[in-house]
Amino acid sequence: MRPNRPVVRRIGRVLLGASVFLASLGGICAAGVATTMGQSYPEFDRRPPARGWPAAKAIPGGRITVAVVLSNAGSVSADVLAPYEVFARSGRFAVYTVAARRAPSPLSGGVHLLPDHTLDEVGTGAVPEPDVVVVPAVVDPTGTAEEPLREWIAARSRHGSRLLGVCAGSELLAATGVLDGRRATSFWANIDSLKRNHPAVRWQSGERYVEDGTITTTAGITSGTVGALRLVERLAGADEARRIGGALHYPGWSLDGPTAITPNHLALSDLPYALNAAFPWRRPTIGIGLEDGVGEIDAAAAFEVYSGVSFSSRAIPISAIGTITTRHGVTLLTEPAGTAVPRLDRFVVPGVRGDVTPALASWASGRGLTPEPPGGGRRDGEFGFDPMLRDLAAHSGDVTARITAKFSEYPVGQLRLSGAGWPWRSTVLFAVALAGSAGVGVFAVALPRLLRRRTAGATR
């Protein structure tokens, strides 16, 4: 039987239109995600200034030494800075940051960190061997560029260092082989792929952290705080962990509290997360004012909540001279307050309980901006993420704030999140992209007919 040619042509036209539609929509989404990631991990002039990079702080002797790992390609802000602050709050610990090169290393959300030391310095003994190594989520944990970092981590494990894998930092640990045969956890959205890619690891869901011998792994982003507190308890005692945990106010944390947490799963209600990532155009630009002495968790929370996790805004770090030192000695690199800073919709200054410094206040006034403490400022008994999430809810809607908390694995039962609800900016852009892609698909189907008609008309 001969095929019905009109039917075959009709099916072909439908398949062509559908293919062009999907290719067009996929291209728009891919371009949007690339823009979002580029703004979350922006390029930075890696050349040292004429006066050179600031010298690394001295590492005190006689303390438990903690090395917080960085990828020069990009690491997650809170995975790095939250455990850093936990350990640095104790005089029992000496904490330093380390990367393959002493060059500006991007952190999620848009800020850069200058590592204290290099992997080689530790390997050659120029820097004390760490008793603890903190491993955050990095941009490409299994890529060839991170092979030196993976080898360094495995060597530290062989030397007897305890390892703390935060969030998707467990993927970097798994790639070194140190997790084979052990129990481990990770960010909830990664567990299934980790089970497929690293079947030798006994992956656990629904746990804030999992300990197996000298290796501790944690659930998503903010869980690194709890994992670090557990190691403080192990190495410096219960009283020290209780003191630091009581000062930080992580919701629901207690020294002998349960490690079980409610397992998360992808749901249709998470759609705004994908829409914000795929359609970043016309989102607000927020200046994050950083001043010397800002808490590491306060700084990390600002970049994660506004840009690194929610993707609801573009965050630009700003300081008076382009470099600040956090409360416990981390060097962060920012845009210097000046005319080169892009136009801002808002200017927020995290971790400030009083007035901002005159230099930042004067610059903001000249741009017609008012420095704002996020969420009206941190209240007594709050963790650093609380005011940021309140602020996000007020300006981007409570739906976005709750999804951001979910993808940060952060409890919000203690917060009253009120705002505009559904994120319409990215939804409208998605609808425009759908309509435009549909139009392109229809045009692709109609074009052959139009060309045939034009050709037929020309031959008459």
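**Pocket, cores and cysteines in a predicted model**

Author: In this predicted model, the lining of the largest pocket is made up of 16 nonpolar, 4 polar and 2 charged residues.

Reader: Which residues of that lining lie nearest the centre of the largest pocket, and which helices supply at least two residues of the lining?

Author: Of the 22 residues that line the largest pocket, M37, Y41, V76, Y273 and G308 lie nearest its centre, while α1 (5–40) and α10 (296–308) each supply at least two residues of the lining. The space in this pocket comes to about 620 Å³.

Reader: Why is C167 called buried?

Author: Buried means under 20% relative accessible area, and C167 has a relative accessibility of 5%, so C167 counts as buried.

Reader: How many disulfides does a search of the whole structure find?

Author: The search finds 0 disulfides, where a disulfide would need a pair of cysteine sulfur atoms within 2.5 Å.

Reader: Which residues have the most contacts inside the largest nonpolar core, and what does I288 touch?

Author: Inside this core of 72 residues, F87, I288 and L389 have the most contacts, and α10 gives the most to the core, with 8 residues. Leaving aside residues up to four places away in sequence, I288 touches A302, F303, Y306, A315, I316, P317, I318, F347, V348 and P350. Another core, of 25 residues, lies apart from the largest one and includes A67, L119, L149 and W152.

Terms used. Residues are numbered from 1 along each chain as its sequence is written. This is a predicted model: local features need pLDDT of at least 70, side-chain atom pairs count only at pLDDT 80 or more; totals for chains, interfaces and linings use all residues. Side-chain values use heavy atoms; hydrogens and water are left out. On a 1 Å grid over the protein atoms alone, a cavity is a set of points where a 1.4 Å probe fits but cannot get out, and a pocket is an open set with protein on both sides within 12 Å along at least five of seven lines; lining residues have an atom within 4 Å of a point. Grid points are joined across faces, edges and corners, and a volume is the space filled by probe spheres set on the points. Helices (H or I, at least four residues) and strands (E, at least two) are DSSP runs, numbered from the N terminus. Ala, Val, Leu, Ile, Met, Phe, Trp, Tyr, Cys and Pro count as nonpolar, Asp, Glu, Lys and Arg as charged, and the others, Gly among them, as polar. A nonpolar core is a set of buried Ala, Val, Leu, Ile, Met, Phe, Trp, Tyr and Cys residues joined through side-chain atoms within 4.5 Å. Buried means under 20% relative accessible area, exposed over 50%, partly exposed in between (1.4 Å probe, protein chains only). Contact means heavy atoms within 4.5 Å.
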